[in-house]
Amino acid sequence: MKTDNFFVSRAGPANSHPAYEVRMSECRSRLVPFEINPVEQCLVEFSDRAVRVWAGGVLMPIAGAATSIETPWDEAAIFDLKFVQFGDSLLVSRPREPLRELERSKSGEWSLRPAFAGSED
């Protein structure tokens, strides 16, 4: 099997290259894997000032009926972002900016907020 821009582990899952880029819209996007539980995963798509969530090739509603959340990062900035998943949260950092947390609630709603109380935007 041939894969482009993915690393395949011996255990079976394929993880995207850290700088993997995809075109699901007119602008460049960056996909970040997110594990909901050991058998359920999704992809978090960061694009120009927006974040969306994909599961099974389907764009998921993430805040009520909305399919995207506004972010402070433009198309150029998304490639400077670093990510660490911690439980139901994805910590997002960028040099010289406050740490942010993309959190998935138990009901499946997503929110983006400063990672620590008292952080300023």
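Predicted model: local features only at pLDDT ≥ 70, side-chain atom pairs only at ≥ 80, totals over all residues.
Residues are numbered from 1 along each chain as its sequence is written. Local features need pLDDT of at least 70, side-chain atom pairs count only at pLDDT 80 or more, totals for chains, interfaces and linings use all residues, and side-chain values use heavy atoms, with hydrogens and water left out.

Strands are DSSP runs of E, at least two residues long, numbered from the N terminus.

The structure holds eight salt bridges, each a side-chain nitrogen of Lys or Arg within 4 Å of a carboxyl oxygen of Asp or Glu.

| Pair | N to O distance |
|---|---|
| K106 and D88 | 3.0 Å |
| R100 and E97 | 3.7 Å |
| R113 and E101 | 2.9 Å |

K106 lies in the loop between β11 (100-104) and β12 (110-114) and D88 in the loop between β9 (82-86) and β10, so this pair ties together parts 18 residues apart in sequence. Buried means under 20% relative accessible area, exposed over 50%, and partly exposed in between (1.4 Å probe, protein chains only). K106 is exposed at 76%, whereas D88 is buried at 16%.

R100 is buried at 8% and E97 partly exposed at 29%. D80, R94, E97 and R100 are linked in a network of salt bridges.

Conventions. Helix = DSSP H or I, 4+ residues; strand = E, 2+ residues; numbered from the N terminus.
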